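Thanks for coming. I have one chain to go through, and I will keep to the computed values.

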Amino acid sequence: MSPRLGLPLAILLGLVVRVPFWIEALRTPVDGDTAIVGLMARHPGAGTTLWGQPYGSPVEAWLAAPFVAALGPTTEALRLFYFLLGLALIPAAYALAGRLDPRAALPAAALVACPPPYFLLLS
């Protein structure tokens with residue numbers, strides 16, 4: 001399969017697999033860590049770890065800040081951010097695997113497009 005066709009197909013596969021999980025995720029409340037990221041996204045310069053936690057970094061909140069600013073501090077803003085971040089892993093896996101061996105690019109992208117159900121719930 002041509003590289004021009006492989007990556008778009010892998011992203012399409014990722015959309016087909018992930019959209020139902022994303023729709024379901026919109027019906028559920030965010031967990032504590034995700035809520036902290038949402039709060040930190042409202043105040044991007046105020047913290048060096050996840051607030052109240054001895055781990056994490058504010059990078060996630062900085063990346064989520066445009067979504068929270070545009071859509072408000074809502075579940076939808078955070079879910080959209082994580083959905084798109086998960087989709088961004090597909091071309092990243094494609095590119096990384098392609099650098100190792102061009103034949104590995106499409107299988108790697110397909111594996112990332114169809115992660116285990118737990119990873120789908122996270123994204």
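**Burial and surface**

Of the 123 residues in this chain, 30% count as buried, where buried is under 20% relative accessible area, exposed is over 50%, and partly exposed lies in between, with a 1.4 Å probe and protein chains only. This is a predicted model, so local features need pLDDT of at least 70 and side-chain atom pairs count only at pLDDT 80 or more, while totals for chains, interfaces and linings use all residues. Residues are numbered from 1 along each chain as its sequence is written, and side-chain values use heavy atoms, without hydrogens and water.

The chain has six helices and zero strands; helices are DSSP runs of H or I with at least four residues, strands are runs of E with at least two, and both are numbered from the N terminus.

Which residues of α2 are buried? In that helix, residues 32-42, they are Thr34, Ile36, Val37, Gly38, Met40 and Ala41. Their cover includes α3 (59-71) and α4 (75-100). Contact here means heavy atoms within 4.5 Å. Of the contacts in the chain with a separation of 6 or more, 54% are between residues 24 or more positions apart.

Leu9 sits in helix α1, residues 3-25. Its relative accessibility is 37%, so Leu9 counts as partly exposed.
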